[in-house]
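Here are my notes on this one, in numbered points. Have a look at the model alongside them.

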Amino acid sequence: MKITVLGTGYVGLSTGVCLAEIGHHVVCIDIDQRKIKNLQEGISPIYEPGLEELLTKNIGAERLDFTTSHLEGLKAAEIIIIAVGTPQGDDGGADLSYIEQAARDIAEHLNHNAIVVIKSTVPVGTNDYIKKILEERLKKDITIKMVSNPEFLRQGSAMHDTIHADRIIIGSDHEEAAKKVGEMYLPLHVPILFTTIRSAEMIKYASNAFLATKISYINEIANLCEAVGADVQDVAKGMGKDKRIGEAFLNPGIGYGGSCFPKDVKALLKTANIYGTNFSMLKETIIINEKQQHLLVKKAINRLGDLKGKKIAMLGLSFKPETDDMREAPSIKIAHLLSQMGTDVVAYDPIATNNAKKVIGNIIRYANSAFEAADGADALFIVTEWDEFKQIDLTRLLQKMKEPIIFDGRNCYGIEKLKSCETLEYYPIGKPAVIIEKQ
Ligand code: UDX
């Protein structure tokens, strides 16, 4: 099939590349000229494992092309996928300005009938709204059919999640259009659920808000485990064995971040407010998440007292491993809290430092390695669970520090690794501390 994707962010690019990989002819359109030029040469604007390989392979096979021209890009499209961003607006709801612009661009340049698929995460009712924008502007005699097809991929495993998705949701009021979009995905052999447009829009928000709430729930259980002397990892394992609960997304930590959960929970809450249903549970999900981002600093104050003039090494800046994305990363809050207290913070991240500099700026210092960050530190915070930190030589790391104190926000270490250290004070999340005193 001939497919055109609007927007080359995480979702648009991953979708375009994967659809080309399963044999379709894909053109991706973006207004950013530099980005398109790089993509034409196989250079990805984002760090995503496996993406560049598939990019190069499919450009080479002439199944994948990039352009800034809507006229050129839409020329042969049977299916047009809108995958532009819907960032958080000032009022907590989704900002639809990019998607509105995408609709205006399609209307202006489309010269044949086509199916328009909205893949961007959009509040319930947006497909109808975009359809109206399109129909008001499309050339005479040209018709489009709308399909809602939300995306569930995770950053850091975008290729895998797209190719091996748990499910594909196709919402449409046109049976034929829904069938055609279903056929587009057929080579993936993924179960497809056909719904109405509004149900499909809702499934995306309901899923993300549920997962965010699951994380806030386990974080509160972790806090309670610390208070009563239980081990949250055993508790989560025990809970997760019940198939009705499931083991995934029960890792406690210092709060969820990223480009989806924080904004989607707020957007769903806004929709609930608009329609007059009081979804107060979501308010708690948000409050717990904000509180959780303070946890490491709170623990450090409890242990070290005033943090003014103290040096803290911060390992990890991105909102999760395998990505350089800093959106809503807990590290931002932690850096601000510490710098407001006059703490000297030295941070290290394997990939995200450049992006972090743009977001956090020079209120903290940046190191080129974990060991450099730890040099002379009074304590160390683990903020992102990169493999590099999980596998690090802990003894060497601790030797660099002034005090061998670790506050681990991601429970990176098992007891065996900790026991191999000569001297250590280790404070994980939702588990008893591990203290090893020098003999
Ligand atoms: C999420 C959804 O998983 C995906 O389906 C949707 O399309 C986009 O949003 P993403 O933001 O890429 O994907 O990352 P994810 O792996 O879901 O993690 C989100 C946040 O939750 C991270 O900050 C992560 O550290 C945190 N998290 C996740 C936990 O704290 N505990 C967990 O058990 C899982």
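1. Ser 318 counts as buried, because 28 C-beta neighbours sit inside 10 Å. The cut-offs here: 20 or more other C-beta atoms within 10 Å of a residue's own make it buried, 12 or fewer make it exposed, and anything in between is partly exposed, with C-beta atoms placed from the backbone. Ser 318 sits in the loop between strand S9 (311–315) and helix H14 (330–340). Helices (H or I, at least four residues) and strands (E, at least two) are DSSP runs, numbered from the N terminus.

2. What does Ser 318 contact, leaving aside its neighbours within four places in sequence? The list is Thr 323, Asp 324, Asp 325, Met 326, Ala 329, Asp 349, Ile 351, Ala 352 and Thr 384. Contact means that the two C-beta atoms, placed from the backbone, lie within 7 Å. Ala 352 is 34 residues from Ser 318 along the chain, with 5.7 Å between their C-alpha atoms.

3. Before going further, keep in mind that this is a predicted model: local features need pLDDT of at least 70, side-chain atom pairs count only at pLDDT 80 or more, and totals for chains, interfaces and linings use all residues. Numbering runs from 1 along each chain as its sequence is written.

4. UniProt has an unreviewed entry placing "domain: UDP-glucose/GDP-mannose dehydrogenase C-terminal" at residues 313–415. UniProt positions follow the numbering used here, feature names are shortened, and annotations may be inferred rather than shown by experiment. In the model, that span is 35% helix and 17% strand, and its end C-alpha atoms lie 22 Å apart.

5. Now the overall picture. The protein chain has 19 helices and 15 strands. Its radius of gyration is 24 Å, close to the 22 Å from the globule rule for 439 residues, so the chain is as compact as a globular protein of that length. That radius is taken over C-alpha atoms, and the rule is 2.2 Å times the number of residues to the power 0.38. Along the principal axes, the C-alpha atoms fill a box of roughly 85 × 50 × 40 Å. Buried residues account for 46% of the 439. Of the contacts between residues at least 6 apart in sequence, 71% join residues at least 24 apart.

6. Helix H1 (residues 10–21) is worth a look. Twelve of its twelve residues are buried, so H1 is largely enclosed by the rest of the structure. The buried set includes Tyr 10, Cys 18 and Glu 21. Among the elements covering these residues are strand S1 (2–6), strand S2 (25–29), helix H3 (51–60) and helix H7 (158–163). The length checks out too: at 1.5 Å a residue, H1 should span 16 Å, and its end C-alpha atoms are 16 Å apart. The expected span is 1.5 Å times one less than the number of residues. After H1 comes Gly 23, with a positive phi near 110 degrees.

7. Which residues come nearest to the ligand? Of the 19 around it, they are Gln 155, Asn 251, Tyr 256, Gly 258 and Cys 260; "around" means a C-beta atom, placed from the backbone, within 6 Å. Helix H9 (residues 197–228) gives the largest share of this shell, three residues. By class, the shell has ten nonpolar, six polar and three charged residues. Ala, Val, Leu, Ile, Met, Phe, Trp, Tyr, Cys and Pro count as nonpolar, Asp, Glu, Lys and Arg as charged, and the others, Gly among them, as polar.

8. Cys 260 comes up again in UniProt, where an unreviewed entry marks it as "active site". It lies in the loop between helix H10 (232–240) and helix H11 (261–274). Is Cys 260 buried or exposed? With 23 C-beta neighbours inside 10 Å, Cys 260 counts as buried.

9. Two backbone spots to check. Most residues other than glycine have a negative phi. Phe 249, in the loop between H10 and H11, has a positive phi of about 60 degrees. Phe 249 is partly exposed, with 16 other C-beta atoms within 10 Å. Asp 141 has a positive phi as well, near 75 degrees. Asp 141 is in the loop between H6 and S6 and counts as exposed, with 7 C-beta neighbours inside 10 Å.

10. Ile 142 lies in the loop between helix H6 (126–137) and strand S6 (144–148). Ile 142 is partly exposed, with 14 C-beta neighbours inside 10 Å. Beyond four places in sequence, Ile 142 contacts Leu 110, His 112 and Asn 113.
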